[in-house]
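Hi everyone, thanks for coming. Let's take a look at a structure together, and please stop me if a term is new.

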Amino acid sequence: MSGAKKPPSGKSESTSVVVAVRCRPFNPREQALRTALVIRMDGPATTILTPNKTGDSRTGTHDDDRSFTFDHSFWSHDLDDAGCHSQQHVYDSIGRGVLDNALNGFNACILAYGQTGSGKTYSMMGTPDQPGVIPRLCRDLFDHVTTQASETLSFTVEVSYLEIYNEQTFDLLKEGKKGNALRIRNHKTLGPYVEGLSQFAVANYESVLQFME
């Protein structure tokens with residue numbers, strides 16, 4: 001998660017960049033292969049373990065083990081574990097701060113990075129029963145708009161949806177085919193923007209979801 005500006009003192013995170021990692025459950029293929037668990041998390045620390053000869057990575061330590069400390073280490077490998085970090089916990093830890101900073105006038109974004117199948121879509125979008133960061137953030141955003149709007153204060157929320165693939169940018173809300181790649185430019189006052197990117201006004205989370213589907 002990164003913000004283009006440093007949040008004011010006392011607002012959300014105290015630094016402009018927050019890094020989190022998440023360990024997902026084994027998928028069916030990994031279960032069939034009896035894959036060894038090589039990740040251990042303790043607070044913000046994540047350790048990559050070297051499996052011993054028995055294939056059990058949770059017994060003892062090894063000279064080749066490597067530990068890293070992040071702002072957050074989300075343990076979601078065992079959903080039945082009392083210490084399992086839920087979708088709500090992930091949102092509370094990283095998503096809510098992004099929304100707070102945006103409402104305070106700071107540029108903010110969340111970047112989900114990882115190989116195919118690592119759980120990015122689940123963490124960010126989730127499922128109907130277990131919504132991810134984006135649905136929860138959108139719902140809180142519109143809750144704020146609803147409660148704070150008045151005769152002297154109004155809000156405009158706009159949505160865009162783009163894809164960056166092979167170093168080219170495409171508008172996913174453009175009707176019909178994706179069309180030609182768009183150009184990223186820099187405005188001397190507003191900063192970076194995508195030239196020609198569609199923007200649509202939305203009034204609630206359901207409207208956002210319709211565009212994304």
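Let me start with Phe-211: at 30% relative accessibility it counts as partly exposed, where buried means under 20% relative accessible area, exposed over 50%, and partly exposed in between, with a 1.4 Å probe and protein chains only. Before going on, this is a predicted model, where local features need pLDDT of at least 70, side-chain atom pairs count only at pLDDT 80 or more, and totals for chains, interfaces and linings use all residues. Residues are numbered from 1 along each chain as its sequence is written, and side-chain values use heavy atoms, with hydrogens and water left out.

Rings of Phe, Tyr and Trp (its six-membered ring) pair if their centres lie within 6.5 Å; planes under 30 degrees apart are stacked, over 60 edge-to-face, and the rest tilted. The centres of Phe-200 and Phe-211 are 4.9 Å apart and their planes stand at 25 degrees, so this pair is stacked. Phe-200 sits in strand S13 (residues 200–202) and Phe-211 in helix H5 (residues 205–212), so the pair ties together parts eleven residues apart in sequence. Helices (H or I, at least four residues) and strands (E, at least two) are DSSP runs, numbered from the N terminus. Phe-200, at 31% relative accessibility, is partly exposed as well.

Now to the strands. Three of them form an open, antiparallel sheet in the order S3-S4-S5; two strands pair if DSSP finds at least two bridges between them. Strand S4 (residues 45–48) and S5 pair over four bridges, and Thr-46 has Phe-68 in S5 as its bridge partner.
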